[in-house]
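Please examine the structure shown below with care. The paragraphs that follow lead through it step by step.

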Amino acid sequence: MKNNVFFWSIVVALGGFLFGFDTAVISGAEKAIQQLWGLSAWEHGFTISIALIGTVIGAIFGGVPSDALGRRTTLSWIAILYLVSAVGAALSPSWVPFMVFRFLGGLGVGASSVTAPLYISEVSPPASRGRMVGMFQFNVVFGILAAYLSNYLLKGIGEDAWRWMLGVQAVPAIAFFLLLFRIPESPRWLLRRNRVEDARAVFERIDPATADENVQTILVANAAETGPGESLWAPQYRRPVLLAILFAMFNQLAGINAIIYYAPRIFEMTGRGQDAALLASAGVGLVNFIFTLLGVNIIDRFGRRMLMLIGSLGLIVILGLVAYSFYSQQFGMVPVLLFGYIAFFAFSQGAVIWVFISEIFPSAVRAKGQALGSSTHWVMAVIITFTFPYFTEKLGGGNTFAFFAGMMVLQLLYVLKMMPETKGTTLEAADKALVLH
């Protein structure tokens, strides 16, 4: 029975793989596209960021189809978005259609960051929910690595190499779409629609011994809530809303996107040549992969708060040392420190964010809550990514990294004072503890 949940989670986590692949694959194609269509600096920047704009919109509205159509149906439409985006971008005859197809891929990324963790959290037993939902983030990182490897293998095949780089994403997108026919609808969504026997049949496939108990527990919890149209901003949801917004904000205020997107620039700021900077950047991807895997594997044993405590303390120390390196102009340890930074981030925030946000909202508003957390994350990602070059130029590397360190001090206080432990509890029990009745 556990094998069923594992298989379903692996299939849905493919949405995370496509998320990571779609985000990173453009790095191999962007120069060829700029030359082919003679893009200005502004047009080139817009071309790179159009998918991110789609991601923000997909995250903001991703909860709507999840509630209206169901989790599995929404995931099927996300797979179609990825497929159309990959094929369309690869075959685009000019700049404007290329932008449209990249935007559609961004919508898929944003919507999958809402729907995939939501689905996995709703089918996973409490004892393994952290590891199962964590597979989504692991697959995001794996997708990024796969995109870099794919770009490297395809870069020498001719002037249309960039089209193959983008088009190859169609293969995992088709696999994702077809495999979704092998998974059931979320039983918790079915119970919101009063499809009790359908939900019971899914719980039977998860664990026959607890199927009836799960159905009764969820029906009782649902009866205490109003319908799926209930507002996320109702007073009783104030605490989970605040927890999700702050968690998602701290995720980006750690500086992670700035460091991943601008890793070569940061290494060059420390006096290293471009080749060495690019090599170090590849190392960042590998460390991210390894420590995300570690965090996902131990999250259910040690809990969400423990990973966040360790990560917060590590990030405070490392970001403080990076800031000191810039203040003192002694850059010898910066590459090692940034690898350490990635390790602590991947182990804590990277492994925990989608798990925690998927656990803290009641069924009536879970999709909306996941969309809130995801869209907050993406809006902050856009802000930090766009402002990082400006602030490093105006304030200097020392002040910029000191700011990130200060934000991690606030994150540590958040974990100590506000963050509940959701390890090993049912979704209904976790929600009951957080919602005001």
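Helices here are DSSP runs of H or I with at least four residues, strands are DSSP runs of E with at least two, and both are numbered from the N terminus. The model is a predicted one, in which local features need pLDDT of at least 70, side-chain atom pairs count only at pLDDT 80 or more, and totals for chains, interfaces and linings use all residues. Residues are numbered from 1 along each chain as its sequence is written, and side-chain values use heavy atoms, with hydrogens and water left out.

Is Ala 254 buried or exposed? A residue is called buried under 20% relative accessible area, exposed over 50%, and partly exposed in between, with a 1.4 Å probe and protein chains only. Ala 254 has a relative accessibility of 0% and therefore counts as buried. Contact means heavy atoms within 4.5 Å. Not counting residues up to four places away in sequence, Ala 254 touches Leu 319, Tyr 341, Phe 345, Phe 404 and Met 408. For Tyr 341, the separation from Ala 254 is 87 residues in sequence, while the C-alpha to C-alpha distance is 9.6 Å.

The next topic is the packing of helices. Two packed helices are described by the angle between their axes and the distance between the axes. The axes are lines fitted to C-alpha atoms, for helices over the stretch in contact, and the angles run from 0 to 180 degrees between N-to-C directions. Helix α12 (residues 238-253) and helix α17 (residues 334-359) have axes that come within 11 Å and cross at roughly 150°. Angles under 35 degrees count as roughly parallel, over 145 as roughly antiparallel, 65 to 115 as roughly perpendicular and the rest as oblique. The helices α12 and α17 are therefore roughly antiparallel to each other.

A crossing is left-handed if the near helix is turned anticlockwise from the far one by less than a right angle, and right-handed if clockwise. For α12 and α17 the crossing is left-handed. On the α12 side, the residues that take part are Leu 243, Ala 244, Phe 247, Ala 248, Phe 250 and Asn 251, and they meet Phe 345, Gln 349, Val 352, Ile 353, Phe 356 and Ile 357 in α17. This contact of α12 with α17 comprises 10 nonpolar, 2 polar and no charged residues. In this classification Ala, Val, Leu, Ile, Met, Phe, Trp, Tyr, Cys and Pro count as nonpolar, Asp, Glu, Lys and Arg as charged, and the others, Gly among them, as polar.

Helix α17 also packs with helix α18 (residues 366-417): their axes come within 8 Å and cross at roughly 150°. These two helices, α17 and α18, are therefore roughly antiparallel to each other. The crossing of α17 with α18 is right-handed. Among the residues that meet are Gln 349, Ile 353 and Phe 356 in α17, and Gly 369, Gln 370 and His 377 in α18. The contact of α17 with α18 has 5 nonpolar residues, 8 polar and 1 charged.

A further pair is formed by helix α2 (residues 41-61) and helix α5 (residues 95-123), which pack at an angle of about 35° with their axes 6 Å apart. The crossing of α2 and α5 is right-handed. Within α2 lies Thr 47, a residue that counts as buried because its relative accessible area is 2%. Which side chain forms a polar contact of 2.8 Å with that of Thr 47? It is the side chain of Trp 95, where a polar contact is a pair of N or O atoms within 3.5 Å; within protein, one must be able to donate a hydrogen and the other to accept it, and residues adjacent in sequence count only if both atoms are side-chain atoms.

Gly 62 belongs to the loop between α2 and α3 (63-68). Its relative accessibility is 2%, so Gly 62 counts as buried. Gly 62 is in contact with Ala 111, Val 114 and Thr 115, leaving aside neighbours within four places in sequence. Gly 62 and Gln 370 are 308 residues apart in sequence, yet 8.7 Å apart in space, C-alpha to C-alpha.
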